[in-house]
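Please open the model in a viewer and keep the selection panel at hand. The tour below moves from one selection to the next and states what is to be found at each stop.

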Amino acid sequence: MSRVIEMARLMQGNEAVAEGALAAGVRFFAGYPITPSTEIAEIMAERLPRLGGKFIQMEDEIASIAAIIGASLAGVKSITATSGPGFSLMQENIGFAAMAEVPIVIVNVQRSGPSTGMPTAPAQGDVMQSRWGTHGDHPVIVLSPSSVREAYDLAVRSVNLAEKYRVPVVLLMDEVIGHLREKVVLPSPGELEVVNRVEPDVGPEKYLPFGAGDQGVPPMANFGSGYRYHVTGLVHDPKGLPTNNPVVAEKLIKRLQNKIDLNLDDIMIDTGKNLEDAEIVVLAYGATARSALQAVKDARKEGIKAGLYRPAVLWPFPQQKVGALAENARAVLVPEMNLGQYRLEVERVAGERTRVVGVNRVHGELITPEEILAALREVHKHDARS
Amino acid sequence: MMQDLEKYLRVNMFPHMWCPGCGNGIVLSSLLRAVDKLKLDQNQTVIVGGIGCSSRAAGYLDFNTLHTTHGRALAFATGIKLARPELKVIVITGDGDCTSIGGNHFIHAARRNIDLTVLLFNNSIYGMTGGQYSPLTPVKKMATTAPYGTIEPNFDVADLARAAGATFVARSTTYHSNMLTGLIAEGIQHKGFSLVEAITACPTAYGRRNKMKSPADMLIWQKDNAVHINKAEQMSPGELAEKIVIGRLYCKEAPEYTELYDEVIKQAMGQVSGSVTSITGKGGKTSG
Ligand SMILES: Cc1ncc(C[n+]2csc(CCOP(=O)(O)OP(=O)(O)O)c2C)c(N)n1
Ligand code: SF4
Ligand SMILES: [Mg+2]
């Protein structure tokens, strides 16, 4: 017990992300300053060279993501961090990383938008952009933490998932979690699961950099390791060479999607509170889930059977879980700091079985437990009437 | 292509996509001759291309090759070089790719003096998209997006590179391909950011619209207008107007970026660990 107290430290969410990334083996960071993510770059600038890693401040966010893709291809685990305007600039190269299957992590500490919005105000307006921001069909994994400790854990997990599935992973923070300070106890290095990309176990003549059956993740050879191959954002064959062959094209795009869709058991994480007998489910993520948890507790005291469902992986969408919850719940309440982006997806899955209600604010402040509680009372009253 | 250079090519990629009479093949063979002259290890060499007819060359070459997004090759290359300084990194790019959409990355890579070699295929036009003007198209030339002739002045990319901080700058043409080979080899050997501009012919999208009906006309134009730097130094600006100055234009020694970063690592590792929170503690009021 005393050991735990000794190891507890006060930490900011952004700092936890940086520490988590380093613990997962990240040794390269390229970025461009933007509130509310800048602390991550500042910490990396100081910490990376001490570990023999590299930090570079690039000329913009397009260059930042390009540089981390290059570093990852050269065999070094790499991340960048940004916020809305920078995240918009990164979209084309997120698509490149998806197409060329380069493991990278993009931390997006969301702030109010659109455009420059309110730079220091929290928001969750990039939820859909994180899934669909770049052109074309492509896989992406998006994680969203609700506490400082979870920011650390999900930073580690983001790096692990990127390496395992050779995909760009977005760690979708919000300003509240990014700047929140909490006492945390970090796992000791031995307790951490750290995943490294699988390297080829055949010689260069037999190596197929983009060949892995219909579903799989191909092994990845790093530049300079003796496997010479071509990496391109064009549709390519298993050797990496560009082609316009429709059969090869469809096979590739479907495999890219399948490698995520067929591994949901491994990828998805979520938590719940009081869901067993919940009549009204509050579905919340990120900072909003903290208010939602309080609201659920308060509602219970008033005899409202409320429960909280909190996806920590937002994309892929937790389709099965939400579908199952909708079977038993009379309503699903979705509070978000946007105009209802995730709610639309909940409606798509649950809308025919239950009532889906949003609590939406875009005023640059955290949604309070009271606002969610008021909505819970309203739904409860409505249900009692009908 | 000469037999001895075949080992550098992915021959299964041929036939290549370039038009008959395109100068890109000449530039490419100069590059391979330079690589051969220097005996570069194919496994330890990375070739990064942007987007355009010229950048497609990356796919034909048997090295570690990366075909990136339009304009961004230098930013990808910066990540590779900084992560693994022991790799030789060569960037192939077009006039539009390098100086228009990629112009910002170009000046900043030059400013850092990071050890990359840029081989710029300057055909004075956007070839791949069918003949729109680029920042290197001279004035009063015809392009599909300048049907009345171009009115924007063009960059002198060699001057631009030098002003931005490049430490090796050279130019040649596909007519002077032996000189081009030598300059590329020098650029690769030079420690720091090097630019080799290769004036090349796009008969399809540029020549035929600009009174050079055949690929041969374009080579003759290069021959007639190129002036070696040694001779150019004796000529007046008036005499040099419309001329192409070729040769090694500029070279100096300056600290190279990845080597400087290695010094940062040494300094950081020798340092007693300070508190990281002390860094995050300040500047809480800033925004942007
Ligand atoms: C973001 C983006 N914008 C536009 C294009 C379309 N595009 C492809 S190649 C090209 C111009 C290439 O010109 P240059 O760099 O001079 O190469 P060249 O084909 O002449 O060798 C353009 C505009 C693109 N691929 N990506
Ligand atoms: S369009 Fe011009 S640059 Fe492109 S391949 Fe044809 S001749 Fe070469
Ligand atoms: Mg061109």
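Which residue of strand 2 of chain B does A:T232 stand opposite? Select A:T232 together with strand 2 of chain B: the residue opposite is B:H67. The model is a predicted one, and this first stop lies where its two chains meet in a strand pairing: strand 10 of chain A and strand 2 (residues 64-67) of chain B run in the parallel sense, with three bridges between them.

**The sheet across the chains**

Nine strands form an open sheet with mixed pairing, in the order 10(A)-2(B)-1(B)-3(B)-4(B)-6(B)-5(B)-8(B)-7(B). At the edges stand strand 10 of chain A and strand 7 (226-228) of chain B; each has a single partner strand, so one side of each has no neighbour in the sheet. From one strand to the next, the twist averages 20°.

**The chain interface**

Now display the contacts between the chains: 47 residues of chain A are in contact with 40 residues of chain B. Elements of chain A that give two or more residues to this side include helix 3 (38-50), helix 5 (84-100) and strand 10 (230-232). Helix 4 of chain A gives the largest share, nine residues. Colouring the chain A side by class shows 24 nonpolar, twelve polar and eleven charged residues.

**Ligand 2**

Centre the view on ligand 2. Among the residues that surround ligand 2 are B:W18, B:C19, B:C22, B:C53, B:N123, B:M128 and B:C202. The shell has eight nonpolar, four polar and no charged residues.

**The two domains of chain A**

Return to chain A and colour domain 1 (2-191) and domain 2 (272-385) separately. Their C-alpha centres lie 27 Å apart. Between them, 24 residues of domain 1 of chain A are in contact with 19 residues of domain 2 of chain A. On the domain 1 side, helix 6 of chain A gives the most, with four residues. That side divides into 15 nonpolar, six polar and three charged residues.

**Backbone details**

Most residues other than glycine have a negative phi, and most peptide bonds are trans. The last selections depart from this pattern.

- A:W315 and A:P316 are joined by a cis peptide bond with omega about 0°; A:P316 lies in the loop between strand 14 (313-315) and helix 12 (319-328) of chain A.
- B:F14 to B:P15 is a cis peptide bond with omega near 5°; B:P15 is in the segment before helix 1 (24-38) of chain B.
- A:E101, not a glycine, has a positive phi of about 55°. With 23 C-beta neighbours inside 10 Å, A:E101 counts as buried.
- B:K140, not a glycine, has a positive phi of about 65°. With 11 C-beta neighbours inside 10 Å, B:K140 counts as exposed.

Conventions
Residues numbered from 1 in each chain as written. Chains lettered and ligands numbered in written order. Predicted model: local features only at pLDDT ≥ 70, side-chain atom pairs only at ≥ 80, totals over all residues. Contact = placed C-beta atoms within 7 Å. Nonpolar A, V, L, I, M, F, W, Y, C, P; charged D, E, K, R; others polar. Pairing = 2+ DSSP bridges. Axes fitted to C-alpha atoms, helices over the stretch in contact; angles between N-to-C directions. Near = placed C-beta within 6 Å. Domains from an automatic or database assignment. Buried ≥ 20, exposed ≤ 12 C-beta atoms within 10 Å, placed from the backbone.
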